[in-house]
Amino acid sequence: MSEISYLSINNAHNGIIIKIPKPVRFHTLSEFKKYIQQSYSIDSVDNLFLLTTFGIKLNYNLINEIGEVFVYDKRLFTNIVDQSLIDQYTQSTFRVSEPTHSPLLKSNVGFLKQNLSSNLKINQGWARIITQDGELMDQYCRELIQQINVIFKCLNTIFQFATNFTNEIEKNFSNFFNYVKLINYKTLHKSWITNYKNLKTFPTFKIDNENIKLSDFLEVDRLQSSADYIEKFLPLIVNKLNELKQVIETVNEEKLTVDKFIETSRNESISNFKNVNISNVLSQLQTESQQLTDDIENLHYKNMDEIYRLHRDKLSISIYNNAKDIYKNLNDLQQFKNKLTKASLKAFNTIANLQMKMVGVKTEMKKITTEDETATEDSKVGDVNYKTISNVKKYEDYLSLTIDLPLIFGFSLIEKRRQFEWYDFYSKGIVNNVSEQLSTIIEHEKVFRGIWLKKFGTLLSLINDDPLTPSLPNIDVTLVGNRQNNFSILYDLKIERDDIINYISLIEATNMSKNFVTLLNKNFKDLIASTNNMKKVTKVISSLSTYTTNSADDKSKSSHEEGTEEEIDFDLNLIKGLKSRIKKLENLLHQQQFKNLNNWPVIRNVPSMTNDNRQSTIIQPTVVSPARTNPTQLLSRNPSTTKENTTTNIHNNHQQSEVLDSSVIDKHLDNIRLKKLNNELQTKNTELTNQINSKNETITQQQKEMEHMKLKTEKRVDELMKKLQEKDEECQSLKQENKIKCDEVENLTKKLELSDNHNKELEAKITEYTQKATSKTKEIADLNKTVSNLRSELGDAMHMKNDLLSNLSSKEAEFTKERNQFNNDLKALQLKLDEINEDYENLMELTQAKQKKHDLIINDLNNVIINLMNDIKKTLLSVFEYFLEYCLVLESMGLLLVKEDEIYKIKRVKGLKSKKSIGDGDMSIISNGTPSSKVIEEIENEINIVNNIPPISSILPDSYSSGTESDSVVDRYNDQSMKLISTFNQLFKFNNENENENRIDHILNTLAFKNNVQLQEDSINDTRFFLNAISKRFRDVEGFAKRQAKDNKLKEQEHRKLVHRLNSKISVNGFQEKDLVLFLPTRIDRPNGENIPSNDKIQPWAAFNIGAPHYFLKTEQTKNKEWIIGRVKKITEYKVTEENVQSLESNPFQLSVNVTWYLVEADEE
């Protein structure tokens, strides 16, 4: 027997496997999904997503050829997943209790041996239960391992699906991106002007007396508009593709995160469970349990104490430890599975998001790579579509003509010349030669067939009267289609090879690229090679007819040439073909002149001819003997040989006749031919009439025979139909006898129907094969035997029916007795049920009263709890406000609370106080500002959980103190209690077993700042976090103030010293008040160069200076000193103008116009 194959259906979220035998019994995909939905308890078929191996979507037509199907729930791919749905997939289906210690360790047994034996037996039962639980847990562990492996396989499959989906789109994008990148790299919208200028320098040249300037083929306005369009839209295209590339890069990063998650999860599972061997632990547990059982079976009074101690101190502890290890492994596997299921939700969400991103990329790519008739070129500013990119490509190609136009023009010259040579020089010649050669070959065949019919046609006509008429096809080879006259930019210019050569040399002489010259030379060589190939084809076609005109000598020559293996020269074959055509034409002329030579009329000149010859003017044609030579040689023989043969034939047939003149022969040829044809047609006509008459007679005879056969067949059919009716009657009678009323004999009736069908088939065979009538009787006899057999089987069935009826009656009697007994039992149970209902009603009344009391107590407790929770909320918010004030105080002092590596620190931040110093002063900042610390946002996010605490008015009922609440009020109490419990669990319940504090404790500990904080080492207060930092800051500021006071004293001393030193020094420029200045006597220059007398004016004293002239001392009398040293009291500025230049008061020192001078008042020292 062949093994049954199964289809495995794997759930990607809980790892459960369902196996369906093949072939699958579901005919459509909807039925298959409906079955999966019911099996995995998924709410809708639309939430199913099915994949096969390698991340391929399910093709239901190939369902019987697939080994595995992976099922995913689409609801788990969303950003927010319902917690109840997660609980549905993580709910454990394994119910196993934790192993307990041995009862021997719990009991205090005396030295009575009866107690020892009973405790040992109790311990044996405990060990048996532990072993059974261990085997069950081992089975559960194997199932969990299988489910975890299925989840990993499903993760790999969905990752492969995402990879396949994104790779195809990414590949198409990369190809298009590289294409646009190449356009952007080689764009000419900025450099086309220089290229166009270079093109304009290309010299003018002549072709077919036409002056051609390449730059005239391009339009400057069109080039400029193309460049403007590219400059406008090419950056938009590049930016658009860069944005799509960034999206693809983010998708690749997300794929890497999913791949990394799968890899890390698998490595974690390997590291956690690679050293676990549950089978060894289970075998050890079973061995120890079996040893304990064997010891109790072989128990004696002598060794009871030793066995008791062994079981209590060793075996029981070992059994418990092994069972505990299996239980621990089971819990670890269950926890890892739940953890993997929850962690995989993020991977599913990531895959869904990246798929949506790639769908967006695909739609954008479709927009810019496929043409949309409804879209316009500039429908939106900054919009990029297919038409924009195609226009950029078209305009780039047009700009590239500024570089490539000389090369393209050269290609056009060469191609037009090649097409001209192909069409005008050779194609016409090839077509004409082919037509002529084929017609020549047909003529050769026609002549050969005529000669063959002359030799053998008369003999064949004796066998069959049908005439042999040669028919040959007609050949007509012509060129169809017009020649391309207008060749792009060359129009109707006549291109010669010299023009091409001159153009290539012109390009070589200019500063064009050397690659242009090599490409044009290569293309020109291809033109020459194409023309040479056409020459060879023409030569071969011209010599086609030579292969049908070979004579014996030509054959010997050709065989000799083939023996020597010399190559055929096409020119020689052409000459031979022409010669053979000439010979062929000569042969045709002679054959027309001497056609039907044996039937020519002959006039005898001998006087002694007989009467028969006098009466007859036509010589009877003699039978032409078959030619011994090859008939095809008649086509190639020369005229001399034909003349000799004809004269020898005339001499042999008519020894006494003379050759008539050709004109006489030509007169009688037509008469002889017509008479001969008339005789032949008459004989054929008589033969055909005779044949028709004979065929008509045979037809009449066959018709008579057919009528006779019809009568015979009709008689036979009637006889057979009668027999058939008789057989039908017999069968009908048999059917009536074989009808049975009972349901048990339906199979027998089916067999009879089969026999009837068999009889009908036999009847059909009787009508078709009349000669097998005797065999039908034998078959009917066989049918009678089968009917007899069926009758015997029917009798057996009737006996079986009677037996079954008898058994049925006995069983009915037994059932009636049991029914009466059951009715009596039912009545008794009904009485008991009534009693239980009464007791239940009484209990319900008692429980309802108690329930009301409990509900009231619960309501009061709810009120207390919600008041406490609201007080906790207010307390936490007030503590948070104090914390904000602390932070503001710190920031006003230039300190900032930060968190680094999960440790809270208070750091000195320069410029923090200056940033905050807006408003009236620091006190306004403390009272109204917001702290800059990012720790506040973190703590505020944590403390927002207290907002889940509902206010008192939202939960407390309107009236809850009375004790007459209805059922709806009680239900409302229960709802309030559940809400309070859920809120309490959120605030005060531990999230994990490993955590030591709940959320409220965590918030309080955080706001206390006792743990995870860094205190200042040199602070006096080393226990309080904020006081520690503030005191440290005060001490730093106090020390800084002391240092500043000390520095100020030192600077004041230095300042006094510098002032004292400066007061004793003479200034030479930059004069100011209180400066010590040296004045020297000077003189006043008159315009004519004369000096003023000393007694006319006061002696002027000028300040000794460096780069500061025109400072004069204010004095009223002349001092007889060589210098004066004075301290400046006041400096007055004056300026000489054209109005006061002659004034002695305004210009006492005779200075020039526009000169600024200063009058210094000083005290002499």
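In helix α6, the buried residues (under 20% relative accessible area, with a 1.4 Å probe and protein chains only) are Ile278, Val281, Leu282, Leu285, Glu288, Ser289, Leu292, Thr293 and Ile296. They cover an arc of only 140° around the axis, which puts them on the same side of α6. That arc is taken from the directions from the helix axis to the C-beta atoms.

A quick word on the ground rules. This is a predicted model, where local features need pLDDT of at least 70, side-chain atom pairs count only at pLDDT 80 or more, and totals for chains, interfaces and linings use all residues. Residues are numbered from 1 along each chain as its sequence is written, and side-chain values use heavy atoms, with hydrogens and water left out.

- Helices here are DSSP runs of H or I with at least four residues, strands are runs of E with at least two, and both are numbered from the N terminus.
- Helix α6 takes in residues 278-297, 20 residues in all, and reaches 29 Å from its first C-alpha to its last, close to the 28 Å expected at 1.5 Å a residue.
- That expected span is 1.5 Å times one less than the number of residues in the helix.
- On the other side of α6, Thr287 and Glu297 are exposed, where exposed means over 50% relative accessible area and partly exposed is the range between buried and exposed.
- Helix α9 (residues 497-509) has 13 residues and reaches 18 Å from first C-alpha to last, close to the 18 Å expected at 1.5 Å a residue.
- Its buried residues are Asp499, Ile500, Tyr503, Ile504 and Ile507.
- Looking down the axis of α9, you'd see these buried residues within an arc of 135°, so they line one face of the helix.
- Over on the other side of α9, Asp498, Glu508 and Ala509 are exposed.

**A five-stranded sheet**

- Five strands make an open sheet with mixed pairing, in the order β2-β1-β5-β3-β4.
- β2 (17-21) and β4 (56-57) sit at the edges with a single partner strand each, so one side of each has no neighbour in the sheet.
- Two strands count as paired if DSSP finds at least two bridges between them.
- Strand β3 (residues 48-52) pairs with strand β5 (residues 68-73) in the antiparallel sense over four bridges.
- Within that pairing, Leu50 has Val71 as its bridge partner in β5, and Leu51 has Phe70.
- How enclosed is β3 by the rest of the structure? Five of its five residues are buried, so β3 is largely enclosed.
- In a regular strand, side chains alternate between the two faces of the sheet.
- From β3, Leu48, Leu50 and Thr52 point one way, while Phe49 and Leu51 point the other way.
- β3 also pairs with β4, again in the antiparallel sense, over two bridges.
- Thr52 stands opposite Ile56 in β4.
- The two strands β3 and β4 form a hairpin with three residues between them, and Phe54 in the turn has a positive phi of about 65°.

**Salt bridges**

- A search of the whole structure turns up 20 salt bridges, each being a side-chain nitrogen of Lys or Arg within 4 Å of a carboxyl oxygen of Asp or Glu.
- One of them joins the side chains of Lys153 and Glu68 (3.0 Å, N to O).
- This pair ties together distant parts of the chain, with Lys153 in helix α3 (residues 113-185) and Glu68 in strand β5, 85 residues apart.
- Both ends are partly exposed: Lys153 has a relative accessible area of 37%, and Glu68 has 22%.
- Glu445 and Arg449 also meet in a salt bridge (3.0 Å, N to O).
- They are four residues apart in helix α8, which means about one helical turn separates them.
- Glu445 is partly exposed at 32% relative accessibility, as is Arg449 at 30%.
- Lys1129 and Asp1163 form another salt bridge (3.6 Å, N to O).
- It links distant parts of the chain, with Lys1129 in strand β13 (residues 1124-1135) and Asp1163 in strand β14 (residues 1156-1164), 34 residues apart.
- Salt bridges that share partners join Arg417, Glu421, Glu496 and Arg497 into one network.

**A nonpolar surface patch**

- Trp452, Leu460 and Ile463 make a nonpolar surface patch of about 310 Å².
- Such a patch uses residues with over 30% relative accessible area and no salt bridge, with nonpolar side chains (Val, Leu, Ile, Met, Phe, Trp, Tyr) joined within 5 Å and like charges within 9 Å.
- Accessible areas come from the Shrake-Rupley method with a 1.4 Å probe, and for residues only the protein chains shown count as cover.
- Ile463 is found in helix α8 (residues 386-463) and is exposed, with a relative accessible area of 72%.
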